[in-house]
Amino acid sequence: MSPSSCDGEYLYHPTHISLSVSSSSVLDLSKVKIYDLSQPTSTKAPPFMWYPPFKATWIKRLSEHNVNAMYIEGPLHHGTHFDGQLHFMTGGKDIASIDINYFIGEGVVVDISRKVGDYDIYTPETIEGAAKEAGLEIRPDDILIIYTGYSRYAWCGQEPDEVRYICKHPGPDVRFAKWCIEKKIRWLGVDAASQDHPLNTIIRRARPDLVAEAEKKWGKKIDELMPWPENYQVMHTMLFPKMILHAENLGGDIDKVANKRCLIMAPPFKFEGGESAYCRVIAITPAK
């Protein structure tokens with residue numbers, strides 16, 4: 001496995017660990033492979049539209065205090081993170097209130113990377129078609145990870161492109177949100193800046209030039225294709241009341257588990273009162 005470079009100074013090493021340890025009395029780790037589907041949390045990552053940047057500073061150093069300690073400041077929607085129900089619901093569950101078992105379960109990583117491009121709208125048919133081609137069954141209570149391929153445009157990806165990663169990635173409309181409810185999906189993850197289509201977020205108002213670019217590609221007006229309010233942040237507003245939450249900004253080794261059924265884990269830190277929290281997404285597959 002070759003590491004991917006963030007900017008030539010910092011090397012990010014996606015972790016594909018083939019464990020040889022077999023002494024665990026709980027789980028035979030020699031029979032599984034563990035993949036890290038997370039992006040690094042870093043000050044080098046650009047913030048989401050109109051969010052403040054992530055900051056990290058040293059508050060103690062070994063030379064002065066015989067200890068290294070850091071202080072961080074920034075939005076919770078930075079790097080790989082898990083959106084809590086409270087993010088879009090008054091009175092919704094904070095991250096600490098969600099049962100740890102919710103974040104751990106079986107699921108599938110559906111690869112639509114060859115089917116979608118800039119501004120494309122993926123539908124239930126897109127996901128079901130890709131799953132069928134891969135021989136995957138999407139079951140009730142599954143965790144659904146969507147591999148769009150846009151993680152390669154993240155700041156630490158192979159082809160970093162901030163505008164393309166944040167503003168142009170493919171995304172769904174209200175039809176897909178309704179399908180997630182019908183399919184009883186437990187939670188979702190995506191290797192993009194948002195689980196929503198970028199033009200169903202505040203980006204529609206912030207970047208009218210990109211709206212015009214998308215409309216030129218679609219040959220239709222955005223209000224005709226994805227009218228508001230029914231499509232506005234629909235993956236949040238429609239699904240969070242159903243406790244179908246999601247993780248965003250996935251990456252790492254996601255391509256190595258494309259079109260596989262896995263044991264998936266994404267526990268965020270236990271932030272009482274937190275509307276969301278940073279997390280690390282892990283996929284476990286049989287070793288063979």
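The legends below describe close-up views of a predicted model.

Local features are given where pLDDT is at least 70 and side-chain atom pairs where it is 80 or more, while totals for chains, interfaces and linings use all residues. Residues are numbered from 1 along each chain as its sequence is written, and side-chain values use heavy atoms, with hydrogens and water left out.

**View 1. Salt bridges around Arg-139.** A search of the whole structure finds 17 salt bridges, each defined as a side-chain nitrogen of Lys or Arg within 4 Å of a carboxyl oxygen of Asp or Glu. Arg-139 pairs with Glu-106, with 3.8 Å between the closest N and O atoms. This pair links distant parts of the chain, 33 residues apart: Glu-106 is in strand β8, and Arg-139 is in the loop between α2 (124-134) and β10 (143-147). Helices (H or I, at least four residues) and strands (E, at least two) are DSSP runs, numbered from the N terminus. Arg-139 is partly exposed at a relative accessible area of 34%, and Glu-106 is partly exposed at 41%. Buried means under 20% relative accessible area, exposed means over 50%, and partly exposed lies in between (1.4 Å probe, protein chains only). Arg-139 also forms a salt bridge with Glu-137, where the closest N and O atoms are 3.5 Å apart. Through shared partners, Glu-106, Glu-137, Arg-139, Asp-142 and Arg-261 are joined into one network of salt bridges.

**View 2. The salt bridge between Arg-164 and Asp-118.** The closest N and O atoms of Arg-164 and Asp-118 are 2.9 Å apart. Asp-118 is buried, with a relative accessible area of 18%, whereas Arg-164 is partly exposed at 26%.

**View 3. Packing of α2 against α4.** The axes of α2 and helix α4 (residues 174-182) are 8 Å apart, at an angle of about 60°. That angle makes α2 oblique to α4. Axes are lines fitted to C-alpha atoms, for helices over the stretch in contact, and angles run from 0 to 180 degrees between N-to-C directions. Angles under 35 degrees count as roughly parallel, over 145 as roughly antiparallel, 65 to 115 as roughly perpendicular, and the rest as oblique. Pro-124, Ile-127 and Glu-128 of α2 meet Arg-175, Phe-176 and Trp-179 of α4, contact being heavy atoms within 4.5 Å.

**View 4. The buried residues of α4.** Val-174, Phe-176, Ala-177, Trp-179 and Cys-180 are buried in α4. Their cover includes α2, α8 (234-237), β9, β10, β11 (171-172) and β12 (187-190). An α-helix has 3.6 residues a turn, so residues three or four places apart point the same way. After α4 comes Lys-184, with a positive phi near 55°.

**View 5. A nonpolar surface patch.** Ile-100, Ile-104 and Leu-263 form this patch, with about 220 Å² of accessible area together. Patches are made of residues with over 30% relative accessible area and no salt bridge; like charges are joined within 9 Å, and nonpolar side chains (Val, Leu, Ile, Met, Phe, Trp, Tyr) within 5 Å. Accessible areas come from the Shrake-Rupley method with a 1.4 Å probe, and for residues only the protein chains shown count as cover. Ile-100 lies in the loop between β7 (81-83) and β8 (104-111) and is partly exposed, at 46% relative accessible area.

View 6. Trp-58 is in strand β5 (residues 55-60) and is partly exposed, at 44% relative accessibility. Beyond its neighbours within four places in sequence, Trp-58 contacts Asn-68, Ala-69 and Met-70. Met-89, in the loop between β7 and β8, touches Phe-240 and Pro-241 when residues up to four places away in sequence are not counted. Met-89 and Glu-275 are 186 residues apart in sequence, with 9.2 Å between their C-alpha atoms.

View 7. Trp-228 and Pro-229 are joined by a cis peptide bond with omega about 10°; Pro-229 is in the loop between α7 (222-225) and α8. Asn-66 is not a glycine, yet has a positive phi of about 60°. Asn-66 sits in the loop between α1 (62-65) and β6 (69-73) and is exposed, at 69% relative accessibility. Asn-249 also has a positive phi of about 60°. Asn-249 lies in the loop between β13 (245-248) and β14 (260-265) and is buried, at 8% relative accessible area.
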